[in-house]
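Please open the structure in your viewer and keep the selection tool at hand. We will go from one place to the next, and at each stop you will be told what to select.

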There are 2 protein chains.
Amino acid sequence: MNFFEEVGKVAIGSRLRMLTDKVTEDGAQIYKLYNIDMQPKWFPVFYALTQVKEKTITELAKEIGHSHPSVSKIISEMLKKGYVKEAKDKTDGRRNVVSLSKKGIAVSEKIKDQLIDVNAAVEEISAQSQNNLWEAIGEWEFLLEQKTLLRRVIEKKKERDSLKVEIVDYQPKYQEIFRSLNVEWISQYFTMEESDYKALDNPQSYILDKGGFILLALYEGEPLGVCALIKMNDGEYDFELAKMAVSPKAQGRNIGFLLANAIVEKAKLLGAAKIYLESNTILKPAINLYHKLGFQKVAGKPTPYTRCNIQMELVVK
Amino acid sequence: MNFFEEVGKVAIGSRLRMLTDKVTEDGAQIYKLYNIDMQPKWFPVFYALTQVKEKTITELAKEIGHSHPSVSKIISEMLKKGYVKEAKDKTDGRRNVVSLSKKGIAVSEKIKDQLIDVNAAVEEISAQSQNNLWEAIGEWEFLLEQKTLLRRVIEKKKERDSLKVEIVDYQPKYQEIFRSLNVEWISQYFTMEESDYKALDNPQSYILDKGGFILLALYEGEPLGVCALIKMNDGEYDFELAKMAVSPKAQGRNIGFLLANAIVEKAKLLGAAKIYLESNTILKPAINLYHKLGFQKVAGKPTPYTRCNIQMELVVK
DNA sequence: TATATTTGCGTAACTGATTACGTAATTAAT
DNA sequence: ATTAATTACGTAATCAGTTACGCAAATATA
């Protein structure tokens with residue numbers, strides 16, 4: 001057991017499995033002790049049938065949390081033992097209605113003492129424990145219901161990745177990476193257009209000198225994401241969020257969010273009231289990101305880009 | 001989940017299994033999230049190999065608590081991926097010494113971040129729980145190590161059965177049951193002898209009137225066990241414990257122990273210093289029972305029974 | 001009313017573990 | 001120096017569950 005303490009919580013799955021095995025192991029013996037000819041795996045189905053007169057395969061499966069083929073197999077085994085009987089539903093020919101036979105009912109009486117004793121044994125173990133396993137399982141079931149382990153791990157990863165990301169201002173030495181990261185995704189999904197070349201080849205004159213900004217995301221020092229804030233002054237919008245690009249090899253590290261967020265903060269700092277952007281709905285992660293930042297779909301703006309099929313705006317608070 | 005609350009602790013095995021499944025389910029996804037080409041089931045073996053340079057199949061199996069065929073299979077799968085390399089031990093040709101390959105070591109570096117995040121996620125769940133699952137598992141492992149669940153259930157059963165057993169004094173109406181219970185086991189294992197008939201047909205004159213006693217065990221009112229205490233007065237022993245019989249259908253309900261114990265108490269009450277008994281070693285449960293009560297093997301007494309091949313005595317304290 | 005979709009459930013194949021068993025190598029015992 | 005027992009480990013069979021799939025019945029839709 002020492003092994004698991006060392007590995008850490010990653011092994012909680014393995015450890016749970018091993019405890020499960022140990023607990024289950026004695027199951028068959030316990031039935032024998034009470035002279036009950038039953039397999040442990042039958043029990044959930046059997047118990048469910050003692051609580052109601054009859055149930056269909058699917059109802060049983062849902063109740064005990066198994067797949068229906070599993071229940072189907074268990075029922076056919078119990079059928080062989082004569083513990084249950086089957087009948088087709090008269091009004092719905094698909095449904096296989098299962099109920100306990102007389103023999104099954106007799107067993108259910110016999111089994112009651114066993115339930116009492118096992119309960120007592122488990123309670124005894126609980127009484128000797130600081131942490132109640134039964135309750136702990138219940139809490140985990142609840143918490144995993146709310147948010148799966150996977151989702152929690154994804155969040156932790158994001159948190160940790162965020163710490164490694166540093167957002168920095170544009171400098172001339174970053175011109176090449178600003179260009180190449182954008183060319184990479186644009187030419188993957190669309191084709192480069194005239195306006196693209198203008199901005200990417202001359203960020204200084206086309207963006208910065210006109211009162212815009214460019215930010216870069218460094219991941220452990222390496223520039224892996226870029227985003228520009230282009231001055232608009234069209235009366236309605238102050239800035240356009242554009243030329244946002246994150247290296248494919250850095251996807252899933254929250255860089256996009258941190259970058260876009262920083263750009264919005266920058267705009268806020270500059271007193272912007274409304275930010276505009278153009279994108280394409282095939283870029284789902286990007287659209288989701290904009291949405292998360294508070295951008296709403298709008299329409300009607302003229303655009304120089306043929307690839308644009310969605311326009312969004314953010315009202316800065 | 002409601003189902004399990006209702007069934008009671010009997011279902012702790014099933015419930016554990018379902019939680020295990022839920023936790024394990026996300027495992028494969030999590031590896032994918034970190035771009036690591038590894039199956040969750042490989043992890044314990046993989047981790048063990050990161051801690052030491054090399055290990056044999058059996059050593060690995062022992063460390064992670066799997067069977068050796070399981071490790072054997074996992075290693076052959078990891079071999080295909082090129083994560084490990086095998087080598088025969090030079091001094092012991094049976095041993096298959098396994099170690100991480102360069103590729104494996106690279107993966108072990110890559111995996112560290114994942115371990116950190118999963119650990120953090122599990123800690124987060126623990127922090128939101130009243131009962132710590134991880135600790136609870138540890139406690140169960142420890143307590144089951146000390147005494148298995150089966151053993152605990154057996155004890156609970158005995159306790160409960162004991163409450164249903166009542167030890168009562170012999171009355172003439174019990175003569176038939178006293179006779180039949182004894183005839184049943186004697187003729188099953190041996191053949192009835194002259195001395196048997198004498199005592200069983202006339203308990204009043206051959207046992208009670210000579211200063212002996214007979215006790216019966218009633219299980220829920222039904223007489224299912226009998227035992228006699230026969231006056232000896234041979235200078236050494238005060239009484240002989242004899243004609244002990246428990247109905248086969250009531251075996252395993254602790255009746256024998258309660259009955260014999262009551263007989264010994266009775267003898268004590270009557271001021272006995274030493275009690276004697278005769279039996280046969282093929283009656284193992286009986287011999288065990290006598291032993292548990294403190295009887296020790298002796299030899300040399302003459303006996304009228306051909307079936308007797310062991311003699312025991314109890315020095316009453 | 002005809003057609004498409006959904007539902008119930010049985011069969012088959014797969015999965016990740018186990019136990020059972022066989023073989024070869026090593027170690028212990030006579 | 002044999003012979004017996006133990007150990008290492010691979011293969012096969014088994015087990016308790018799963019997912020995949022297909023058929024038939026019921027329900028929804030056009």
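This is a predicted model: local features need pLDDT of at least 70, side-chain atom pairs count only at pLDDT 80 or more; totals for chains, interfaces and linings use all residues.

Residues are numbered from 1 along each chain as its sequence is written, while chains are lettered from A and ligands numbered from 1 in the order in which they are written.

**Stop one: DNA strand C.** Select DNA strand C and the 18 residues around it, of which Thr58(A), Ser72(A), Lys41(B), Ser70(B) and Gly93(B) come nearest (near means a C-beta atom, placed from the backbone, within 6 Å). By class, this surface has 3 nonpolar, 10 polar and 5 charged residues (Ala, Val, Leu, Ile, Met, Phe, Trp, Tyr, Cys and Pro count as nonpolar, Asp, Glu, Lys and Arg as charged, and the others, Gly among them, as polar). Now colour helix 6 of chain A, which gives the most to the surface near DNA strand C, with 3 residues (helices are DSSP runs of H or I with at least four residues, numbered from the N terminus).

Select Ile12(A), Arg15(A), Leu16(A), Leu19(A) and Lys22(A) in helix 2 of chain A, which meet Trp134(B), Ile137(B), Trp140(B), Glu141(B) and Leu144(B) in helix 9 of chain B (contact means C-beta atoms, placed from the backbone, within 7 Å). This contact has 7 nonpolar, no polar and 3 charged residues.

**Stop three: within chain A.** Finally, select Phe178(A), Arg179(A), Asn182(A), Val183(A) and Ile186(A) in helix 11 of chain A, and then Asp196(A), Leu200(A) and Asp201(A) in helix 12 of chain A, which they meet. The residues of this contact divide into 4 nonpolar, 1 polar and 3 charged.

Conventions: Two residues are in contact if their C-beta atoms, placed from the backbone, lie within 7 Å. Helices (H or I, at least four residues) and strands (E, at least two) are DSSP runs, numbered from the N terminus.
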